[in-house]
Amino acid sequence: MNFVFAPHPVPALPVLGTEQRFPVRRVFCVGRNYADHAREMGALDQAEGREPPFFFTKPADAVVAGGGELRVKYPPQTSNLHHEVEMVVALGAGGENVSVEAAKSLIFGYAVGLDLTRRDMQAKAKEKSHPWDMSKGFDQSAVAGEICPVSVSGNPEAGRIWLKVNGQLRQEGDLSAMMWKVADIIANLSTLVRLEAGDLIYTGTPAGVGAIVQGDLLEAGVDGVGTLRARIV
């Protein structure tokens, strides 16, 4: 095929214990999937289960991934960048209108992720009923560690999820507190779009989100899945 210019590299995550890379197709995120986080964001109807979580997206090339200490650039046009630790689901197969029972068969593995948010920009967008795209989908806004294959991790439904900033614990919760479980998330999302191998799903964050600045070291983990380290530069 004769392209006008060379295609951009495919974003990819390393796979734990192998030389393989997981190519990223799309990045989906679940909003307010932990009741305590919904409360801290003022979304009481969601926290009490009267509204389902919702989805937003990030560009595939917003992904920063790997082992060791990742370097993540502090974005422009914000003075209130927030961290959100999440478990990430990596799909190895796809489909549409997938049943809850079949959903887990699509999963290749799991990773620890950070959903970064320009919170001040998001607040202004909410006030004006504008889209969130630039507050959520900016460059390097989706951080991820190595993918732990489901053959190693199983399908974790409980376990500690946590984040430290400069050694101080900021976020701590349990996967069992997710209002929508992983299979339900996949099934519901597949009614909105056709899912494919290479899709990532960030599954929501517990309470304790807060601001980070240049120089901060973020350490995060999910029991049975892995850890990640990221330096804000």
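A residue counts as buried when its relative accessible area is under 20%. The exercises below concern a predicted model.

**Exercise 1. Determine what share of the chain is buried and whether its radius of gyration agrees with that of a compact globule.**

Solution. Under the cut-off above, 49% of the 233 residues count as buried. Next, consider overall size: a compact globule with 233 residues would have a radius of gyration near 17 Å, and the chain has 17 Å, so the two agree. Along the principal axes, the C-alpha atoms fill a box of roughly 45 × 40 × 35 Å.

**Exercise 2. Identify the residues and elements that build the largest nonpolar core.**

Solution. The chain holds seven helices and 18 strands. Its largest nonpolar core has 43 residues, and Leu114, Ile186 and Ile201 have the most contacts inside it. Several elements supply at least two residues each, including strand S9 (107-115), strand S17 (217-222) and helix H7 (182-189). The most comes from H7, which gives five residues. Apart from this core lies another, of 17 residues, with Val27, Cys29, Ala111 and Tyr202 among them.

**Exercise 3. List contacts of Leu114 beyond its neighbours within four places in sequence, and state how far apart in sequence contacts in the chain reach.**

Solution. With those neighbours set aside, Leu114 is in contact with residues including Val85, Val143, Leu163, Leu218 and Leu228. Glu84, Ser141 and Tyr202 are also among its partners. For the chain, take contacts between residues at least 6 apart in sequence: 75% of these join residues at least 24 apart.

Notes. Residues numbered from 1 in each chain as written. Predicted model: local features only at pLDDT ≥ 70, side-chain atom pairs only at ≥ 80, totals over all residues. Heavy atoms only, no water. Core = buried A, V, L, I, M, F, W, Y, C linked by side-chain atoms within 4.5 Å. Buried < 20%, exposed > 50% of the residue type's maximum accessible area, 1.4 Å probe, protein only. Helix = DSSP H or I, 4+ residues; strand = E, 2+ residues; numbered from the N terminus. Contact = heavy atoms within 4.5 Å. Rg over C-alpha atoms; globule rule 2.2 N^0.38 Å.
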